[in-house]
Amino acid sequence: MAKRDNGIHGFMGGRNGFDNLSRILLFVALGVFILTALFRIWALAVLGGILIAIALFRVFSKNLSRRYAENQTYMQLTGNARGYVHRFYLRRKDKKTHKIFRCPNCSQKIRVPRGKGDIKIKCPSCRIEFVQNTGTEKK
Ligand SMILES: [Zn+2]
């Protein structure tokens, strides 16, 4: 086996590096330090220090399969929450440009662009037509 212990690449070779779990640990640690400074609860600084220690331990760890499994567990546990936050932002963005109406006949949801005044909407599922106001163009 060739010796490649020169420079940062040699040092980081075979190590875990930053993954999602280590990133979020550092992020939470940062938040804890901000709270420490804000409320002057110095015990919190210890917690922040521990979080950073765990994050750095994971970054420099050579037990890749163990760290990978931990990261996978983290991703699974937070998957729903992260998906929810993502969908929430998408929906909020969409609300500015589109409006959701319900078909009066079958209550199918229909998404139409805003700012078109009164428009005739045809329900894609039961083919009934109804008129709705989508607002007037602003700005
Ligand atoms: Zn319908």
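Which residue in E4 is the bridge partner of Asp-118? In this predicted model, that partner is Asn-133. The pairing belongs to strand E3 (residues 116-122) and strand E4 (residues 129-136), which run antiparallel and are joined over six bridges. Six residues lie between the strands of this hairpin, and Arg-127 adopts a positive phi near 70° there. A salt bridge involves Lys-120 and Glu-129, with the closest N and O atoms 3.8 Å apart. Lys-120 counts as exposed at 61% relative accessibility, whereas Glu-129 is partly exposed at 46%.

**Zinc site**

The zinc ion is coordinated by the SG atoms of Cys-103, Cys-106, Cys-123 and Cys-126, at 2.2 to 2.3 Å. The donor residues follow the spacing C-x2-C-x16-C-x2-C in sequence. The angles subtended by the four donor atoms span 107 to 116°, and the arrangement is therefore tetrahedral. For four tetrahedral donors the ideal angle is 109.5 degrees. Cys-103 counts as buried because its relative accessibility is 3%; Cys-106, at 30%, counts as partly exposed.

**Salt bridges**

The count of salt bridges comes to five.

| Arg-67 | Glu-70 | 2.9 Å |

Arg-67 and Glu-70 are three residues apart in helix H4 (residues 64-97), so about one helical turn separates them. Arg-67 is buried, with 5% relative accessibility, while Glu-70 is partly exposed at 28%. Elsewhere, salt bridges with shared partners join Asp-19, Arg-58, Arg-67 and Glu-70 into one network.

A nonpolar surface patch is formed by Leu-30, Ile-34, Leu-35, Leu-38, Phe-39 and Ile-41, which together have about 600 Å² of accessible area. Phe-39 is found in helix H2 (residues 20-39) and counts as exposed at 55% relative accessibility. Leu-26 also lies in helix H2 and is partly exposed at 29%. Its C-alpha atom is separated by 40 Å from that of Ile-100, 74 residues away along the chain.

Conventions
Residues are numbered from 1 along each chain as its sequence is written. This is a predicted model: local features need pLDDT of at least 70, side-chain atom pairs count only at pLDDT 80 or more; totals for chains, interfaces and linings use all residues. Side-chain values use heavy atoms; hydrogens and water are left out. Donors are N, O and S atoms within 2.8 Å of the metal (3.2 Å for Na, K and Ca); water is not among the atoms, so sites may look incomplete. Four donors count as tetrahedral if all angles lie between 85 and 135 degrees; four count as square planar and six as octahedral if opposite donors are over 155 degrees apart and all others between 65 and 115; anything else is irregular. Buried means under 20% relative accessible area, exposed over 50%, partly exposed in between (1.4 Å probe, protein chains only). Two strands pair if DSSP finds at least two bridges between them. Helices (H or I, at least four residues) and strands (E, at least two) are DSSP runs, numbered from the N terminus. Patches are made of residues with over 30% relative accessible area and no salt bridge: like charges are joined within 9 Å, nonpolar side chains (Val, Leu, Ile, Met, Phe, Trp, Tyr) within 5 Å. Accessible areas come from the Shrake-Rupley method with a 1.4 Å probe; for residues, only the protein chains shown count as cover. A salt bridge is a side-chain nitrogen of Lys or Arg within 4 Å of a carboxyl oxygen of Asp or Glu.
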